[in-house]
Amino acid sequence: MQDNTKKRICPFLMALCVALGVISLVAFIPQVRESIIDFGEGCVGRPLQRQVWHERLIDYGAALLALSFAGYFCLKASLFCIESNTSLYGLFKTMPLEEIFHYFSLMAFIIILCAIHFCLAPFKDDVNYFNHALDGVSYFEFLNLRYNNWSSRLLIETALVNCFKFNFGLWRLIDVAAFVLISECFVKLCIPKKQFSFVVYAVILFFTDYSSLQSAGWAATTANYLWPLACCMPYFVIVKKIFEGQRLSAKSIVFSIVLLMFAVNQEQVAALVFGLSLSFFAIYFIRTKNNRIYALYFIAAFALSLASVIFILTCPGDSIRFAQEVKVWFPEYTTLSFFDKLQIGSLAVFTYYFSSKSNLVAALLCAVLTMVFYKKNRINFFIQILLDFFVFACSVLKYKSSFLLSNDRLAQLSEHSTIAVFAEFVLLFFIGIAFLYQLFFAFGGKEAGAFNLYLLFAFFCSAIIIAFSPTVYASGSRCYLFLSYFVFYLTVKLIFQSYERGRKHE
C-alpha cells in the first residue's frame, strides 16, 4: 500500500522538480529579472540596488536549477527502486564495480570542469562583439546581417549570442556539457571496460590545448570549434555500433542527427562528415549483404553535410568576409596556387604539433607508441626512439626560437631561403610518414591499421582545409582542435589495445 502511494506521489514530485527547473531558468532572462526587481521595489517602496539583485537572482536561479535536477534524478532512482522491489542501497550494492568507478570518476571530472569554468571570464570577441550583438536588433535582423555580410554559421552564432543575452553562466553550463559529451563518447569508442574511463578524462583535462580555446575569446572560440566537435561525436558512436552490428534505438539516432545539424554548420565538420559519410556508406553497403537498413543513417548524414556545404559555398557573407580578410591578414594570398596552399597548410599543421609550446599531443602519442613497441618489434621500437628524440628536441631545445619549425610559410613569404624552407618541409614530411608507419603496425596492420590511417588522413585534411582561407595564420591553433582530439582517440585506443593484448599473453 505504501509503495503504491509512493508510485503515485513520485511522478507528481518529479513534475514539480521539472517545473521548478523551468522556472529557475527564467532567472537567466534579463527582462524577467527587471520585472521581478520592479515588483520588489513596488513592494518595499524604495529603490533597490539593481545590479546586486540581478546577480542574486542569477545565483538563486542557478542554485534552484541544480537542486531541481538533483531532486528529479533522486526521485527517478527512488521510483526505479520501488518498481524493481529493491532499496537504493541494494541497487548500489548490486551495481557492477566498473559502473561505480565510472560514475565516481565522471563526477570528479565534472567538478573539476565546473571549477575551471567558474574562473573564466569573457574577453576579446566575447566582449567586443557578441555581448552586444543583439542590442537594438531582432534575431532575424542579426542573422540576416551576418548571412549577407560575414558568416554562414547561423546556428552556431544563434547559440552564441543567446549565451550573452541570457547570461555568461549559460555558456559555462553548455561548455561543461560539451566536454562531458566528448568524454562520454570517447569512453564508448575507446574503453573496453568503464572502470578505466578516468584515463579518457585525464587525457582530455591535461592535454587539451586551452590556449587555442581562448584565441578569439572563450565563448566565441568554443562555440565555433568545441561545440561542433561535441555535437559530431554521437555520430561516430552510432557509426561504430552500426559496423559492430549492435542494435540502435530510435532515440539515439534522432539525437545524433539533431546534434549533427548543429555540427555541420561549421565548415571543417561539414567537409569531414561529407567525406566520411560517403566512405562509410560504401564500406557498409559492400560488407553487409542482408540487412542494409542502417545505410539510411549514412545517407541522412551525407545529405545534411551536403546541404551545409552548399549553404556555406553560396553564402554571400562568406565571400565578403574572404575579400576583407585577404586585405587585412594575407594580401599575397590571391597569388598562391593550389599546391602552395597545400604546402602552407601542411607546414602549419606540422609546426603546431612539433613546436616547443604545443607538442604535448605528439609527446603523448610518442610515449604510448614507445610502450606498444617495447620488447615486441625491434625495428619499430628503434624508429620510435628516433621519433621520440625528435619531439624531445623540438620541446626541450626550443628549436622554435631558432631555425627548425620557424618556416611555416612558403619560401617567397619567409625570411629564410628557399633551400631552408624546402629542407624543413622534406624533414617534416618524412617525420609524418614515419608516424603513419608506426601507427599502421601499432594497430596490427592490415584492415584495422589501414582504416585508422584513413580516418587520420580525413582529420588531417580537416585541419589543412584552413589553408584555403586567408586567415590560415590568423586563425591559429583552434583550427587543429578536431585533429588533436582524433589523435587523443588513437592514443587512448592504443593504450587499451596494448592492455588487452598484455592480458591475453598472461
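Buried here means under 20% relative accessible area, exposed means over 50%, and partly exposed is in between (1.4 Å probe, protein chains only). By that rule Asn162 is buried, with a relative accessible area of 16%.

Before going on, a word on the model. This is a predicted model, in which local features need pLDDT of at least 70, side-chain atom pairs count only at pLDDT 80 or more, and totals for chains, interfaces and linings use all residues. Residues are numbered from 1 along each chain as its sequence is written, and side-chain values use heavy atoms, with hydrogens and water left out.

**Confidence and overall build**

pLDDT is the predictor's confidence in each residue, from 0 to 100. The protein averages 82, and 85% of its residues reach 70 or more. Confidence is lowest in helix α4 (residues 88-94), with a mean of 56, and highest in α12, at 93. Where pLDDT is low, the predicted coordinates should not be read in detail.

The secondary structure comes to 22 helices and 0 strands; these are DSSP runs numbered from the N terminus, with helices being H or I of at least four residues and strands E of at least two. Of the 506 residues, 46% count as buried. The protein exposes about 26200 Å², and carbon and sulfur atoms supply 69% of that (Shrake-Rupley method with a 1.4 Å probe; for residues, only the protein chains shown count as cover). Taking contacts (heavy atoms within 4.5 Å) between residues at least 6 apart in sequence, 76% join residues at least 24 apart.

**The core around Tyr235**

A nonpolar core is a set of buried Ala, Val, Leu, Ile, Met, Phe, Trp, Tyr and Cys residues joined through side-chain atoms within 4.5 Å. The largest one has 131 residues, and Tyr235, Phe354 and Tyr485 touch the most other members. Helix α12 (residues 226-243) gives this core its largest share, 13 residues.

What does Tyr235 touch, leaving aside its neighbours within four places in sequence? Tyr235 is in contact with Ser256, Leu260, Val273, Leu276, Ser277, Phe280, Tyr297 and Ala301. Tyr235 also belongs to a cluster linked by ring pairs, whose other members include Phe236, Phe243, Phe451 and Tyr489. There are 38 aromatic pairs in the structure. Rings of Phe, Tyr and Trp (its six-membered ring) pair if their centres lie within 6.5 Å; planes under 30 degrees apart count as stacked, over 60 as edge-to-face and the rest as tilted.

**Cysteines**

The structure holds 0 disulfides, a disulfide being a pair of cysteine sulfur atoms within 2.5 Å. Cys232 has its closest cysteine sulfur in Cys231, 8.8 Å away, so the two are too far apart for a bond.

**A few single residues**

| Residue | Relative accessible area | Class |
|---|---|---|
| Cys163 | 1% | buried |
| Cys232 | 3% | buried |
| Ala202 | 27% | partly exposed |
| Lys124 | 41% | partly exposed |

Lys124 sits in the loop between α5 (97-118) and α6 (125-128). Its phi is positive, about 55°, although Lys124 is not a glycine.

Back to Asn162, which is found in helix α8 (residues 154-166). Leaving aside neighbours within four places in sequence, Asn162 is in contact with Tyr139, Asn167 and Leu170. The C-alpha atoms of Asn162 and Ala133 are separated by 9.7 Å, with the two residues 29 apart along the chain.

Ala202 is part of helix α10 (residues 197-207). Ala202 and Phe109 are 93 residues apart in sequence, and their C-alpha atoms are 8.3 Å apart in space.
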